[in-house]
Amino acid sequence: MTVTEEPAVTQAPPREVGRPRRRKEDARLITGRTTWTDNMVLPGMLHLAVVRSPVAHARITGIDVSAARSAPGVVAVFTGRDFADEQGSIPCAWPVTPDMVNPGHPSIAVETVNHVGEAVAVIVARSRTAAADAVELVDVDYDLLPVVLDMEQALADGADRVHDHIGSNESYRFVFDAGEAGTGADTEQAFADAEVVVSRRFVQQRLIPAFMEPRAVVVQPQGDNYTMWSATQVPHILRLMLAMITGVPEHKLRVVAPDVGGGFGGKLQVTPEEVLSLLVARRLGKPVKWAETRSESLMSAHHGRDQIQYIDIAADREGNVKGLRCRILADMGAYLRLVSPGVPVLGAFMFAGIYKFPAYRFDCSGVFTNKTPTDAYRGAGRPEATFAVERIMDELAVELGMDPLELRRKNWIRPEEFPFTTVAGLEYDSGNYDAATQQALELIGYDELRAEQQRRREANDPVQLGIGFSTFTEMCGLAPSRVLGSLSYGAGGWEHAAIRMLPTGKVEVVTGSSPHGQGHETAWSQLVADTLGVPFEDVEVLHGDTSVAPRGLDTYGSRSLVVGGAAVVRAAEKVIAKARKVAAHLLEASEEDLDYSGGTFSVRGTPGAGVSIQEIALATFAAHNFPEGVEPSIDADATFDPVNFSFPHGTHICAMEVDTETGMVKIRKYACVDDVGTIVNPLIVEGQVHGGLAQGIAQALYEEAVYDADGNLTTGTFVDYLVPSAADLPHFDTGNTVHEAPGNPIGAKGVGEAGCIASTPAVVNAALDAVRHLGVRDIRMPLTPERVWRALHDGGDGG
Ligand code: MCN
């Protein structure tokens, strides 16, 4: 190591943050030259197949597994009774009220089945095909019980019950009343005094996350140690919960999430199949693999949304909003999963959107039905809230005869009012709703579209044009621990990072975030390259393995950059602080006299004297010329727990053609301007917005999980459950405004869910704007041609 005569770096390298870097991880993800869980083959590995209930609600009166047990290749067959003493219950649903009722959730049914697709037996065989074939040989006797499917009926007096051992079909009732909380006026009084009240019932249909890679698990026992590979979003939470459920000590259990092909919240879960795989591997002492088929995935991985929303808005005749009242029924399905109850509760604080409601009441019941459990799906609670407020604002505008944008402008928070404490008690951090809206109007060519709409109306054109808005915000960056903990009795929200400078000056970054398509390796490398001043290519990001990254709270809730990325920046700052001590020693200067820029320490006022952090890393390894009292390693850990959420916002505008003769709808133009604070990687951000838009538009137009009267999922394949492809979607005109988030060192706000949260109401508002003058009041999602046609010709919402 030499102390250079000339400064090692005279100029800072190009700034990485803000640069549209192509993603480091794409080559392996796109070519598939990587480890997906289902690619793994271990010596002696056995294969599991799950026998699933074909009925929605029944008592199991007998299971005959003899034929399956003697089938070729079958090693063992287990039923719920075989694991009755050790499977515990999946106890991990985070409670949202002190008296929330959790009926318990066996990973494999013992006495009753409560939804179609619930596990009743598990086959263990030498090959996947042998296991699948033996599934057909298991004979289960079911004593059918009444099926509960409709939430409103489920809550009625005398209703049949999903779980006999609990008193009703209501798991919890969560009420937030701004008047009682002291964050707003008395809601009932606000409604009593209001000049105008508009009430609507909206249905948030049930959706299926439909990630690209179906779920898969491999478990390898080694003595009393276990390694589980799982296509999960949450390796850290999974390890903790598996330890609690099965009694395998946490330190004997390693969980690895290798590359994961998408999750969208659907893999934010501790699944019965993960528990079962561990139980079977423990029982047999052999490695096992379970990998689901697409049909199993659609039927048994958790679903999302599924709310009935009764929304009342109060206002005066000039269009000043006075109050908002929400009564929500949220379908939990048959059991509570990890965050099933928390999903609607997250939404509870977002129903007021970007508007200055003086009074607000939210009242939600979590309801059991004999359907697949629900849980997080991209946006988790916030799309539902945004839909309700953005739809009811349009309905109020119609009632008042006002322009929908003028009504919004009149009521939204003004830039100079930030930070703004909302009626729900949240402190919105920063933003400018006017600026985003102005840019979006220009992007879409608003005036021309309105003129065309007028022409089509006057000409009674069979194809009508509508324009719909969604001026939204969302709370993301799930943390802060204190707030989350107060909402869900025990959930935390910090994130951890560690940085190690290797002797050759390369940098290893360990993150507790667990990407499954979001490009963290690239974005984290950009953050570290900028903060440390090292080349982007010299940074390697390690994640998704509890042995490599022992601490973390994983990826969901658009939290990774603003919590996990912030932890990375903090760790990098600590690395610099430590390297500074070594630099001062090597340069024979005091720490205070050192400047750090472009990866090099230089002595202020002494041109020519400098040492790079990479040289310091090597000096640390050799450790013969090292300051007293400093440990010979340039590494650091950091945990970041912000004091607030971050609040991205934006304006989404959809221009929609509706063919009044066929009911076909077509998005003509879609423009959105999102404010996600500092943008680390514009290419990734645009990709995230596009992906979110695809899913939000899909909710509006295409996707719905439908059950028949017996509780069978009738949309159990991709023929019936319509996930749009790129060809079904329009071109997106996207833009950004930037208002930094004050709550993290990057100034960023999350983007992973924004497109999905914002777009659904913009699309539905656009369709209604096209046909409202023809007498249509509402159209139920998804806006299939049949529904649109019925709404036009039969009245009602076409549902
Ligand atoms: N980013 C950025 N600048 C910002 C904000 C974000 O460059 N101001 C970058 C981040 O560095 C990161 C990506 O955008 O690479 C997403 O960041 P963030 O908003 O923090 O979201 P998370 O990484 O926490 O991802 C979770 C989010 C959620 S909740 C769902 S659901 C979702 C989503 O991400 N599921 C996805 N995007 C997905 N993308 C893919 N491909 N697959 C999924 O399953």
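## Strand pairing, domains and the ligand shell

Strand E1, which covers residues 46-52, is joined to strand E5 by 6 bridges, and the two strands run antiparallel. This description rests on a predicted model. Within that pairing, His47 stands opposite Ala125 of E5.

| Strand | Residues | Bridges to E5 | Direction relative to E5 |
|---|---|---|---|
| E1 | residues 46-52 | 6 bridges | antiparallel |

Strand E5 itself spans residues 119-125, and because 7 of its 7 residues are buried, the strand is largely enclosed by the rest of the structure. In a regular strand, side chains alternate between the two faces of the sheet.

Helix H3, residues 128-135, contains Asp133. Asp133 counts as partly exposed, because it has 18 C-beta neighbours inside 10 Å, whereas a residue needs 20 or more to be buried. Although Asp133 and Ala49 are 84 residues apart in sequence, their C-alpha atoms are 9.0 Å apart in space.

Turning to the chain as a whole, the division is into four domains, each built from two segments of the sequence: domain 1 takes 26-34 and 494-640, domain 2 takes 37-145 and 210-300, domain 3 takes 147-208 and 303-419, and domain 4 takes 429-477 and 645-799. Between the C-alpha centres of domain 2 and domain 4 there are 37 Å, and the contact between these two domains draws 10 residues from domain 2 and 10 residues from domain 4. On the side of domain 2 that touches domain 4, the residues divide into 6 nonpolar, 3 polar and 1 charged.

The last topic is the ligand. Which residues are the closest of those that surround the ligand? There are 36 residues around it, and the closest are Gly517, Ala523, Ser560, Gly750 and Gly752. Helix H16 (520-533), helix H17 (560-587) and helix H19 (682-701) are the elements that give two or more residues to this shell, and H19 gives the most, with 4 residues. Sorted by class, the shell around the ligand holds 20 polar, 12 nonpolar and 4 charged residues.

Terms used:
Residues are numbered from 1 along each chain as its sequence is written. This is a predicted model: local features need pLDDT of at least 70, side-chain atom pairs count only at pLDDT 80 or more; totals for chains, interfaces and linings use all residues. Domain bounds come from an automatic or database domain assignment. Two residues are in contact if their C-beta atoms, placed from the backbone, lie within 7 Å. Ala, Val, Leu, Ile, Met, Phe, Trp, Tyr, Cys and Pro count as nonpolar, Asp, Glu, Lys and Arg as charged, and the others, Gly among them, as polar. A residue is near a molecule or strand if its C-beta atom, placed from the backbone, lies within 6 Å of it. A residue is buried if 20 or more other C-beta atoms lie within 10 Å of its own, exposed if 12 or fewer, and partly exposed in between; C-beta atoms are placed from the backbone. Two strands pair if DSSP finds at least two bridges between them.
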